[in-house]
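Please read the points below with the sequence and the structure side by side.

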Amino acid sequence: MPMLIFHCRTRLFLAIIQQRTIPGGAPTLRFQEEPMNFALIPHLILRYKFANTLNYLKFKEIIYMLHKIYILYNQAMKSIQKEKIFVTKTRKQFNRLDELPVYDRSLVNYDNYNKRIGHAGVKYSMAVQATRGCPYRCFYCDVYKTTLHHFRRSVDSVFEEVKMIANMGVKRVEFIDDIFNVKKKDFVDFFNKVKKENLKLSFFFPTALKGDLLDKETIDTMMEGGAVGVNVSLESASPRMQKVMRKNLDIPKFRENLEYICKSYPEAVTTLNTMHGFPTETEEEAMMTLNFILSMKWVHFPYTHVVRI
């Protein structure tokens with residue numbers, strides 16, 4: 001019996017409207033005409049993989065539930081083959097971010113909420129978004145397709161929200177922006193405000209900072225302002241692969257900044273993202289990336305993501 005295992009960033013919803021099953025969601029592939037991104041694997045493989053971590057009775061319930069989704073999916077695909085797929089037009093991206101209201105977080109019982117829910121391994125925290133979109137066009141990323149432009153809130157707007165969170169007694173804030181440090185001046189100004197107000201918060205960047213945009217001044221200001229979780233993405237240590245990916249990272253600058261963080265701020269929880277198996281990558285280029293990781297004095301979480309095409 002096959003079952004659906006969905007990509008971690010694919011959100012699938014199945015709705016039945018007027019007796020018609022409609023598949024949809026947010027595909028991670030650049031080709032948005034593909035309604036789903038999934039893989040089928042046998043029941044026995046799953047049983048072997050998760051037998052030690054899941055109660056098997058509950059596991060059978062999960063299998064049964066997903067099998068029902070699989071049946072619905074097949075029905076939907078048959079319907080799609082007969083009928084035309086209607087794709088709604090993309091709405092114009094909203095760019096006046098300071099005009100958006102701030103959440104009334106006092107309505108949420110965070111003492112109860114945080115016991116069960118976290119983000120990227122960080123619990124007892126609140127998430128803040130200072131920007132939307134990304135100005136870069138890395139080939140493997142879906143963001144540049146779904147958000148065509150990069151817009152930022154003002155430093156004052158972001159700081160006032162963070163200050164409000166601090167006044168509620170929350171001490172951990174995670175920025176969920178695709179790249180929080182795109183504009184150096186705003187980045188430095190924000191942390192200077194945090195230091196001036198002596199908020200004594202811990203900041204996390206689970207979706208990564210752009211490592212080659214940092215320098216010693218911004219790193220010092222960031223760390224003095226309370227940064228704890230510092231996530232940066234190398235992807236590949238090969239200059240050729242950087243061009244293929246359209247990431248165009250300044251690798252020597254990236255290395256200099258990461259080494260400075262590891263040496264000067266060993267208390268920082270560092271994460272290094274890399275990518276292997278990208279089309280045309282050679283074994284030699286893959287080893288360049290692995291050797292880059294090995295050359296770092298200390299990185300808490302060196303992730304090696306395997307590309308699945």
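1. How far apart should the ends of helix α6 (residues 184-197) be at 1.5 Å a residue, and what is the distance between its end C-alpha atoms? This is a predicted model, and in it the 14 residues of α6 should span 20 Å, which agrees with the 20 Å that separates the end C-alpha atoms.

2. After α6 comes N198, a residue whose phi is positive, near 55°.

3. On the surface, a nonpolar patch is formed by L107, V108 and Y113, which together have about 300 Å² of accessible area. Of these residues, Y113 belongs to helix α3 (residues 110-113), and Y113 counts as partly exposed because its relative accessibility is 36%, a value that falls between the limits of 20% and 50%.

4. Where is the cysteine sulfur closest to that of C134? It is in C138, at 6.4 Å, which is too far for a bond, because a disulfide needs the two sulfur atoms to lie within 2.5 Å. By this rule the count of disulfides in the model is zero.

5. C134 counts as buried because its relative accessibility is 11%, and C262, at 8%, likewise counts as buried, the cut-off being under 20%.

Notes
Residues are numbered from 1 along each chain as its sequence is written. This is a predicted model: local features need pLDDT of at least 70, side-chain atom pairs count only at pLDDT 80 or more; totals for chains, interfaces and linings use all residues. Side-chain values use heavy atoms; hydrogens and water are left out. Helices (H or I, at least four residues) and strands (E, at least two) are DSSP runs, numbered from the N terminus. The expected span of a helix is 1.5 Å times one less than its number of residues. Patches are made of residues with over 30% relative accessible area and no salt bridge: like charges are joined within 9 Å, nonpolar side chains (Val, Leu, Ile, Met, Phe, Trp, Tyr) within 5 Å. Accessible areas come from the Shrake-Rupley method with a 1.4 Å probe; for residues, only the protein chains shown count as cover. A salt bridge is a side-chain nitrogen of Lys or Arg within 4 Å of a carboxyl oxygen of Asp or Glu. Buried means under 20% relative accessible area, exposed over 50%, partly exposed in between (1.4 Å probe, protein chains only).
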